[in-house]
Amino acid sequence: MKNNILIVDDIHPIFIERAKVAGYSCDYQPTIKTDEAISILNQYDGLVIRSKFRVDKAVIDQAPKLRFICRAGAGMDNIDEAYAIERNIALINAPEGNSDAVGEHAIGLLLSLMNNINIADAQIRAGSWQREANRGHELKGKTIGIIGYGNMGQSFARKLSGFQVGVLAYDKYKTGFSDKYAREVSMEEIVKHADVLSLHIPLTRETNGMVDDEFLFHFKKPIFLINTARGKVVKTSAVLNAIKQNKIIGAGLDVLEVEKFPALGEQAWFDELRLSGKVILSAHVAGWTFDSYRKISEVMAAKLLALPVSTE
């Protein structure tokens with residue numbers, strides 16, 4: 001069967017509807033086990049996946065018909081991009097679909113941290129009313145440093161535009177990107193001026209463990225740290241050390257270097273992390289809203305429709 005797609009994760013049905021109109025058939029199996037999916041992948045021209053398994057060289061080699069892989073999300077770190085490209089497999093992702101969700105979530109984490117909202121809520125529920133202990137910080141007048149100015153970084157900058165802040169952005173792989181929302185700067189300027197640091201970079205060999213003790217040591221001012229990118233970009237132990245050294249005022253972490261239980265609970269740093277009143281945690285949901293669920297599929301479908309349909 002030509003132009004057939006195996007879908008191994010839950011996606012919005014709009015993708016299937018639009019793919020069918022374009023001449024594709026979709027085998028929707030969101031509960032399929034990894035081994036079973038890999039064993040039948042050789043029958044398909046396309047694969048749609050979120051995070052069920054890593055599409056590495058071994059998996060790709062078992063799928064000689066594969067012409068495209070759609071990642072229902074932004075990051076491509078669970079796909080061997082270089083080998084897929086070598087095999088002439090088209091890669092589709094959908095950062096445009098969840099960038100608003102990520103930008104808004106980052107704002108939510110930041111405002112909650114700066115105003116001790118999570119702490120005050122827990123205290124009041126426990127019968128304690130503490131005003132002075134929960135005096136907050138205003139965002140107005142602060143300097144926000146953004147590392148990575150792609151879809152997510154740009155979304156965060158746009159969301160900040162009404163807060164009367166200065167936004168500095170660094171991106172190693174882009175130049176000339178200053179706009180009305182952010183000013184392009186060097187990493188040195190981020191380190192020197194930032195009151196807030198927000199990460200919007202993919203996980204690569206270069207960024208794996210980038211935010212470590214040495215990285216945080218160089219910041220000239222105490223900062224609020226926001227990570228809605230990838231957990232392995234940040235060393236959790238370094239964040240906890242920086243909090244103890246008053247180099248980090250508060251950290252909003254939607255992602256962690258180890259995620260999901262029981263593995264997360266087994267980490268040496270987990271108890272300190274969960275007990276810290278200066279950390280807000282969310283379960284890798286920054287880009288996962290009811291709205292982005294549909295928008296991701298719409299973006300994937302539009303990009304799929306731009307590919308030629310096989311007639312062989």
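Helix H6 gives three residues to the lining of the second largest pocket, the largest share. This is a predicted model, in which local features need pLDDT of at least 70, side-chain atom pairs count only at pLDDT 80 or more, and totals for chains, interfaces and linings use all residues. Residues are numbered from 1 along each chain as its sequence is written, and side-chain values use heavy atoms, without hydrogens and water. Helices (H or I, at least four residues) and strands (E, at least two) are DSSP runs, numbered from the N terminus.

**The second largest pocket**

- A pocket is an open set of points on a 1 Å grid over the protein atoms alone, with protein on both sides within 12 Å along at least five of seven lines; lining residues have an atom within 4 Å of a point.
- The second largest pocket has a volume of about 220 Å³, where volume is the space filled by probe spheres set on the points.
- Its lining has 17 residues, and Leu-113, Asn-116, Ile-119, Ile-249 and Lys-278 lie nearest the centre.
- Helix H5 (95-114), helix H6 (117-125), E11 and E12 each supply at least two lining residues.
- The lining of this pocket divides into eight nonpolar, seven polar and two charged residues. Here Ala, Val, Leu, Ile, Met, Phe, Trp, Tyr, Cys and Pro count as nonpolar, Asp, Glu, Lys and Arg as charged, and the others, Gly among them, as polar.

**The seven-strand sheet**

- Seven strands make an open, parallel sheet in the order E8-E7-E6-E9-E10-E11-E12. Two strands pair if DSSP finds at least two bridges between them.
- Strand E8 (183-184) and strand E12 (279-281) are at the edges with a single partner strand each, so one side of each has no neighbour in the sheet.
- Strand E7 (residues 166-170) pairs with E8 in the parallel sense over two bridges. Leu-168 has Arg-183 in E8 as its bridge partner.
- Helix H7 (residues 151-160) lies across strand E6 (143-147), E7 and strand E9 (196-199), at about 165 degrees to E6. Angles run from 0 to 180 degrees between N-to-C directions, with axes fitted to C-alpha atoms, for helices over the stretch in contact.
- Helix H10 (residues 236-244) lies across strand E10 (223-227), strand E11 (248-253) and E12, at about 150 degrees to E11.

**The five-strand sheet**

- Five strands make an open, parallel sheet in the order E2-E1-E3-E4-E5.
- E2 and strand E5 (90-92) are the edge strands, each pairing on one side only.
- The twist averages 15 degrees from one strand to the next.
- Strand E1 (residues 4-7) and strand E3 (residues 46-49) pair in the parallel sense over three bridges. Leu-6 stands opposite Leu-47 in E3.
- H1 packs on this sheet and touches E1, E2, E3 and E4, at about 170 degrees to E1. Contact means heavy atoms within 4.5 Å.

**Aromatic pairs**

- The whole structure holds five aromatic pairs. Rings of Phe, Tyr and Trp (its six-membered ring) pair if their centres lie within 6.5 Å; planes under 30 degrees apart count as stacked, over 60 as edge-to-face and the rest as tilted.
- Tyr-24 and Phe-68 form an edge-to-face pair, 5.7 Å centre to centre with 85 degrees between the planes.
- Tyr-24 is in the loop between helix H1 (13-21) and strand E2 (25-28), and Phe-68 is in strand E4 (residues 68-71), so the pair ties together parts 44 residues apart in sequence.

**The largest cavity**

- A cavity is a set of grid points where a 1.4 Å probe fits but cannot get out. Grid points are joined across faces, edges and corners.
- There is one cavity of 30 Å³ or more. The largest cavity holds about 40 Å³ of space.
- Residues lining the largest cavity include Asp-10, His-12, Arg-50 and Trp-288.
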